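Subject: Structure handover

Hello,

I am passing on the structure below, followed by notes on what was found in it. Please read them with the model open.

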Amino acid sequence: MKAQTRQEMPEKDFNHYLFTYFTGNSVEEEAIRFAVSPDGYHFYTLNNNEPVIDSKKISSTGGVRDPHILRTEDGKHFYMVATDMTSYLGWSSNRAMVLLKSDDLINWSSSVVNIQKRFDGNEDLLRVWAPQTIFDKKAGKYLVYFSMKHGDKPDIIYYAYANDDFTDLESVPEPLFIPESGRACIDGDIVFKDGVYHLFYKTETEHPGIKVATTTDLTSGEWEENDEYLQQTKEAVEGSGVFKLNHSDSYILMYDMYMKGKYQFTKSTDLEHFEVIDNEISMDFHPRHGTVIPITDSELKRLTKEWGMPGEYPELHNNPVLEGYYADPEIIWSEKNQKYYLYPTTDGFDGWSGYYFKTFSSVDLKDWKDEGTILDLKKDVSWADRNAWAPCAIEKKIKGSYKYFYYFTAAQKIGVAVADSPEGPFTDSGKALIDFRPDGVKGGQEIDPDVFRDPVSGKSYLYWGNGYLAGVELNKDMTSIKKKTLKVMTPDKTFREGTEVFYRNGKYYFLWSENDTRSPDYRVRYAMADDPLGPLEIPEDNLILKKNPEKGIYGTGHNSVIQVPGKDEWYIVYHRFPIPDGINMGDAAGFHREVCIDALKFDADGKIIPVEPTL
């Protein structure tokens with residue numbers, strides 16, 4: 001059986017850009033600097049345009065130039081390479097490059113690779129320039145490419161494979177690209193699009209400039225050259241860099257007009273025809289040869305926490321609150337840890353085939369920390385290993401100690417696991433808690449549990465059901481039910497699934513989801529009651545959360561509710577189709593969902609005011 005995989009870093013979460021560059025030919029300027037952008041057009045420097053890494057600590061010459069940054073294929077690491085060089089020593093003075101690695105964009109480990117010392121046969125090597133990295137899909141390795149000049153021969157673009165921990169080159173450098181002209185070529189930048197590698201490079205013919213060559217096999221030596229110059233200026237240019245605009249089919253080709261001390265930006269959809277967009281670009285700094293990658297909200301927050309948020313940067317959105325694909329969110333407040341915890345379905349698996357659960361913590365409902373996997377069906381549960389859905393959790397103080405009870409769906413049954421911490425690990429009870437259909441109920445599924453402690457009686461209740469709503473009192477051990485109290489409570493024909501129960505000002509509120517989670521019209525209704533097991537009273541106009549096409553918001557449902565401790569301040573936590581592509585994904589939108597939080601308010605009679613879903 002083919003293993004299920006999910007995209008840990010989906011493109012929907014790339015909402016910003018990181019630009020890494022150097023600024024000039026003095027030693028002080030030959031260092032790595034960072035800038036950020038919300039749109040790929042307006043860039044703002046970080047750290048007041050001062051270096052973010054000390055060149056003297058990472059290089060053999062005291063300076064670095066031409067930084068290139070890459071996110072690894074698994075989305076978990078960043079690789080950066082740079083020319084190990086100080087130009088005052090001369091343009092043929094360096095033999096090395098610097099390899100750097102980071103997990104957070106802030107802290108970088110580094111190593112110097114001196115080609116002349118590392119590999120035999122390079123006695124006449126004069127210079128090693130402008131390294132870059134790309135993942136070679138055929139080899140399954142990271143390929144570093146760079147230009148080198150030996151003796152009186154022209155500069156040629158070579159390649160070598162990096163080792164597994166990105167601290168060295170493990171293969172002897174070999175030519176990657178030699179232009180038909182036989183003349184020098186430098187500053188290679190490779191972009192992979194639609195199965196084709198596009199190599200942008202600077203020619204050093206009698207008419208220097210930027211050209212492109214293409215291949216379907218990186219190391220085959222078989223390149224098709226386009227003889228057209230791509231730069232849209234008569235000025236001298238070098239250091240081209242290409243990046244894709246987020247949520248778009250367009251690409252930016254930028255290059256260093258080094259004699260003028262500025263960049264030019266051009267735009268294309270086919271990587272062949274480019275138009276100048278300089279009038280749309282702004283920077284509060286003057287970069288030299290650098291590169292741009294997309295980054296997420298959390299990565300931007302991490303960078304700006306370290307080096308300051310640029311004053312003119314646009315305000316950040318907080319929805320979705322989690323990056324990646326997650327759904328069916330349950331939220332609790334932990335008295336023990338004084339934090340909020342989110343317990344979602346791990347989404348993004350085809351056909352809802354996920355098998356593990358995670359949790360996230362926050363002190364402010366805005367910034368969430370991934371606390372890791374807390375229950376893995378394949379490892380931790382003996383009675384089911386598939387369809388890990390829609391969990392809920394509760395904190396309970398028992399004999400002076402806090403315990404955490406986690407109710408979850410697995411293989412269309414409901415289980416319970418216990419932990420001493422809201423972050424787990426949770427230990428499964430060893431059997432399903434709910435594996436039966438209530439008497440008289442035909443059809444539906446035993447899924448979507450919700451646990452509720454009645455503040456009036458102190459009793460705890462479990463609710464569940466797809467196609468029907470059932471409620472039952474839990475025993476004091478929280479891992480078994482008082483079956484004689486079981487009651488079918490289905491409010492009306494709009495009930496589908498996703499029950500949420502809470503208490504406010506003497507009333508019990510029951511929320512549920514209507515329609516199919518794959519539908520743009522997945523939405524939330526509610527009823528009220530005077531008792532945890534009903535009967536339910538359905539208000540008029542009880543639809544409180546629905547799509548907003550004007551904002552691109554669809555599929556809003558399966559919610560939980562949280563009260564800010566000590567305040568009459570409430571929030572609804574729910575999932576929706578991913579923005580911006582969800583509405584065009586078909587059924588897949590129903591298992592590629594994202595989690596959001598919005599304010600939940602009440603009128604003077606205690607009725608819920610319809611929620612305004614926000615970005």
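Lys366 is partly exposed, with a relative accessible area of 46% (buried means under 20%, exposed over 50% and partly exposed in between, with a 1.4 Å probe and protein chains only). Please note that this is a predicted model, in which local features need pLDDT of at least 70 and side-chain atom pairs count only at pLDDT 80 or more, while totals for chains, interfaces and linings use all residues. Residues are numbered from 1 along each chain as its sequence is written, and side-chain values use heavy atoms, leaving out hydrogens and water.

Lys366 sits in the loop between strand 24 and strand 25. Helices (H or I, at least four residues) and strands (E, at least two) are DSSP runs, numbered from the N terminus. Leaving aside residues up to four places away in sequence, Lys366 touches Lys301, Asn318 and Val321; contact means heavy atoms within 4.5 Å. From Lys366 to Arg127 the C-alpha to C-alpha distance is 49 Å, and the two are 239 residues apart in sequence.

The chain as a whole

The protein chain has 4 helices and 41 strands. Its C-alpha atoms fill a box of roughly 90 × 45 × 40 Å along the principal axes. Of the 615 residues in the protein chain, 58% are buried. Among contacts with a separation of 6 or more, 51% are between residues 24 or more positions apart.

Strand 1

Strand 1 is largely enclosed by the rest of the structure, because 8 of its 9 residues are buried. Strand 1 pairs with strand 21 in the antiparallel sense over 7 bridges, where two strands pair if DSSP finds at least two bridges between them. Thr20 stands opposite Thr291 in strand 21. Strand 1 is also joined to strand 2 (residues 33-37) by 5 bridges, again antiparallel, and Tyr21 has Arg33 of strand 2 as its bridge partner.

An open sheet is formed by 4 strands in the order 30-31-32-33, with antiparallel pairing. Its edge strands, each pairing on one side only, are strand 30 (450-453) and strand 33 (481-488). Strand 30 is joined to strand 31 (residues 460-464) by 4 bridges, and Val451 stands opposite Leu462 in strand 31.

Pockets

A pocket, on a 1 Å grid over the protein atoms alone, is an open set of points where a 1.4 Å probe fits, with protein on both sides within 12 Å along at least five of seven lines; lining residues have an atom within 4 Å of a point. Grid points are joined across faces, edges and corners, and a volume is the space filled by probe spheres set on the points.

The largest pocket holds about 1,400 Å³ of space. Its lining has 50 residues, with Thr296, Asp297, Ser298, Glu299 and Glu323 nearest the centre. Helix 3 gives the most to this lining, with 6 residues. By class, the lining of the largest pocket has 17 nonpolar, 11 polar and 22 charged residues (Ala, Val, Leu, Ile, Met, Phe, Trp, Tyr, Cys and Pro count as nonpolar, Asp, Glu, Lys and Arg as charged, and the others, Gly among them, as polar).

The second largest pocket holds about 1,200 Å³. It is lined by 37 residues, and Glu11, Leu70, Arg71, Glu73 and Pro294 lie nearest its centre. This lining divides into 19 nonpolar, 10 polar and 8 charged residues.

Regards
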